[in-house]
Amino acid sequence: ESLDGQKMLEFRRSLPCYKKRDVILKAVSENQVVLVSGETGCGKTTQLPQYILESDIEMGTGTSISIICTQPRRMSAMTVSERVAAERGEKLGGSVGYKVRLDNMKGRNTQLLYCTTGILLRRLLCDRNLGGVTHVIIDEIHERGMNEDFLLVVLKDLLPRRPDLRLILMSATLDSMLFSSYFSGAPTIHIPGHTYPVRSHFLENILEKTRYRLTHHNQTDHFGHEKKWRIQSRGFGNKKTQITTSVEVCLEAASFKEYSLETRKSLTCWDPESLGFNLIEHVLCHIVLNERLGAILVFMMGWDDIMSLKNQLHMHPLLGDASRVMLLACHGSMASFEQELIFRAPSDGVRKIVLATNVAETSITINDVVFVIDCGKAKETSYDAVNNASCLLPSWISKAAVQQRRGRAGRVQPGECYHLYPRCVYETFFEYQLPEILRMPLESVCLQIKSLQLGNISEFLSRSLQAPEALPVANAIRYLKIIGALDEMENLTGLGHYLSVLPVEPKLGKMLIFGAIFGCLDPVMTIVASLCVRDPFMISHINKDLAIRAKSQFSTRDFSDHLPVVRAFNSWKYAEMQQFGDEYCHRNFLSVQTMKDIDSLRNQLFFVLKETGFADSNINQSNRFSHDEHIIRAIMCAGLFPGLCSIMNKQKNIMFKTVEDGLVSLCSSSLNAHEPSIPFPWSVFSGKWKSNAVFLLDSTAVSDSAILLFGGKISRGHTDGHLTMMDGYIDFFM
Ligand code: ADP
Ligand code: MG
């Protein structure tokens, strides 16, 4: 064991971070805020907190240190703490521990705690001065998540009250000017990495070198996601249009003079808005056949295009041949056994190919990668304040992210990076990604400001690192007033308080609370979880008719896209218990991964609802009316309001009209889009996608009496006289 300890020590000392140990410790002791940047893998997350801990032990003050290190994801908080405990030859829950929602490995002597940003925010709710904490480390700060930006404002306020508290911000790529000026000149320490040089090939070089020809036809994928995205991304919000326009302008200006005629012709066929599966396939073949050994990492936009591409590659004679290629996927919600495969070396002569989302950009390091294929895009939530709508859209990544992706190829030897877009397009990218606070709806963060009693919402947000504009803030406040989370004076209501505790957006939180009170918890949890995760029905233009037919089998002509999800989930759960869950999914065009994600989120939601006292630990108590579809519709209505439209049946043509704007169309994957007429006056919807027209992704038809539930009057008929017991709650909500 001591040999292992010695080896571990040697390993730790070999990390680039170690050379800066003393510089870091000195800076931390002399400054209240310190910024640390360094290549992924250099040892920031695992080493830096240990240096602080060890220096304290060396100085003999011992037990006074208490470090909190936040991680943007649950998964990283858990794996990192496990690694650090192992490095120290300890068990988790000793000097090192972690705390994430629903899981806690923290002992009485824990001095270094890895947790999610959400956990630190909760701690601040109980103790605004963070009593007893000596160091707060915020990791991966470059991701600029909503919670992290929010936390920075809170901590900035706290620093003068706690002059002994130390704040350290760490990241792979960091806009140090921005952060340093926010924290009045905090010093930045850069840890030089020991990565090998990586050669960049932009699209024009790839075309020239491999003689691949782009045509207008070979750029769509088999499953049609791109087509859909193209339509949806056009004209969404001003920022999006600006980006698209600047790419078009630069393409027109570029002449590519030094390239062959074929390459130039090809480039005119290149479609900036499509992902080009065939091009990816071609580059993969090129590497597998012509280049030296080494794993290939492909950066895709999101989970569904990874799955579609994986399916396409499986059918390929070379890339689908398991004796030559080991094809893997890597994304945030992956099970840990799948994760292990990614780190494992393939057998001799087999090429490892990993299709990944941007989790592989900074949080996960695959050591044997030599080739990176970068599609230049990621899916991010865009919020359009003018239309007050948000959706997940593909967008170009930042230059910082490109650099990060490229760096993944140079960890073990010199690498190659294939960028599937021309260099002139790269030049138009932003230096850094737009932070979430500038591109996401602000409802949840406004609730948080109120529940932490941080004063006026607009004033607080104006003090963030990059402050949002007035319109999105006003929209969020107005929305919270409409749903009854804030009163006219912007004070938190009773409902608002509970909504701020639940780990879902306010509208879904409201559904959960109503679901629990009205005894329909089980189906409502399934609906909420699927709205959070994604639609489990896999419908695309290739399989459309079959998939819609499969989906409608879960509908009893109830004119709903949500109720079929409940039935599909319950049937899958049953099939899963009989060991044929996967097969069941394949037969019914359902996604196995989505079902598993919904299942796990349901468990988390149930736990939190029990904790807050809304759900009875005897689940049957919370499910007295789960069979009553009318009540479920009413609850959805209460949650989704004002996402409501009226239905007008006009001969064979159904029209949907929203409360605020005009006509809307239903997305063709919605069952209601295929109905000749709908015998309900209203329909609620959860997702609204903007493009040239307004599309509703899903809808559930509801009756007049369901509408009354959010209007302040409750139709007593529908609750079987059980209202007396619930009257107290109703006063409290309305
Ligand atoms: P950074 O935070 O700078 O990206 P880390 O502290 O996470 O770097 O990791 C430093 C090094 O420790 C990595 O390069 C890797 O070699 C090693 N390492 C980290 N986590 C693990 C793990 N779970 N298993 C094995 N090695 C790990
Ligand atoms: Mg790290």
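The model is predicted: local features need pLDDT of at least 70, side-chain atom pairs count only at pLDDT 80 or more, and totals for chains, interfaces and linings use all residues. Residues are numbered from 1 along each chain as its sequence is written, while chains are lettered from A and ligands numbered from 1 in the order in which they are written.

**Overall architecture**

- The chain contains 30 helices and 23 strands; helices (H or I, at least four residues) and strands (E, at least two) are DSSP runs, numbered from the N terminus.
- Of the 734 residues in the chain, 44% are buried. A residue counts as buried if 20 or more other C-beta atoms lie within 10 Å of its own, as exposed if 12 or fewer do, and as partly exposed in between, with C-beta atoms placed from the backbone.
- Among contacts with a separation of 6 or more, 73% join residues 24 or more positions apart; two residues are in contact if their C-beta atoms, placed from the backbone, lie within 7 Å.

**Shell around ligand 1**

- Ligand 1 is surrounded by 13 residues, of which Gly41, Lys44, Thr45, Thr46 and Arg83 are the closest; a residue is near a molecule if its C-beta atom, placed from the backbone, lies within 6 Å of it.
- Two elements, α3 (44–59) and α4 (74–87), each give two or more residues to this shell, and the largest share, four residues, comes from α3.
- The shell comprises two nonpolar, nine polar and two charged residues. In this classification Ala, Val, Leu, Ile, Met, Phe, Trp, Tyr, Cys and Pro are nonpolar, Asp, Glu, Lys and Arg are charged, and the others, Gly among them, are polar.

**Helix α4**

- Buried residues of α4 are Ser76, Ala77, Met78, Val80, Ser81, Val84 and Ala85. Their cover includes α3, β2 (67–71), β3 (96–100) and β5 (112–116).
- Glycine 89, which follows α4, has a positive phi near 65°.

**Helix α20**

- Helix α20 (residues 470–482) has Pro472, Val473, Ala476 and Leu480 buried. Viewed down the axis of α20, these buried residues fall within an arc of 105°, so they line one face of the helix; the arc is that of the directions from the helix axis to the C-beta atoms.
- The face turned away from the buried side of α20 carries the exposed residues Ala470, Leu471, Arg478 and Ile482.
- Just after α20, glycine 484 adopts a positive phi of about 85°.

**Leucine 120**

- Leucine 120 lies in helix α5 (residues 117–126) and counts as buried because it has 24 C-beta neighbours inside 10 Å.
- Apart from neighbours within four places in sequence, leucine 120 is in contact with Ile68, Thr70, Cys115 and Leu151.

**Nonpolar cores**

- The largest nonpolar core has 130 residues, of which Ile67, Cys115, Met511, Leu512, Val524, Val528 and Ile635 touch the most other members. Such a core is a set of buried Ala, Val, Leu, Ile, Met, Phe, Trp, Tyr and Cys residues joined through C-beta atoms within 7 Å.
- Helix α28 (residues 629–640) supplies the largest share of this core, eight residues.
- A second, separate core of 54 residues includes Leu214, Val325, Val354 and Val369.
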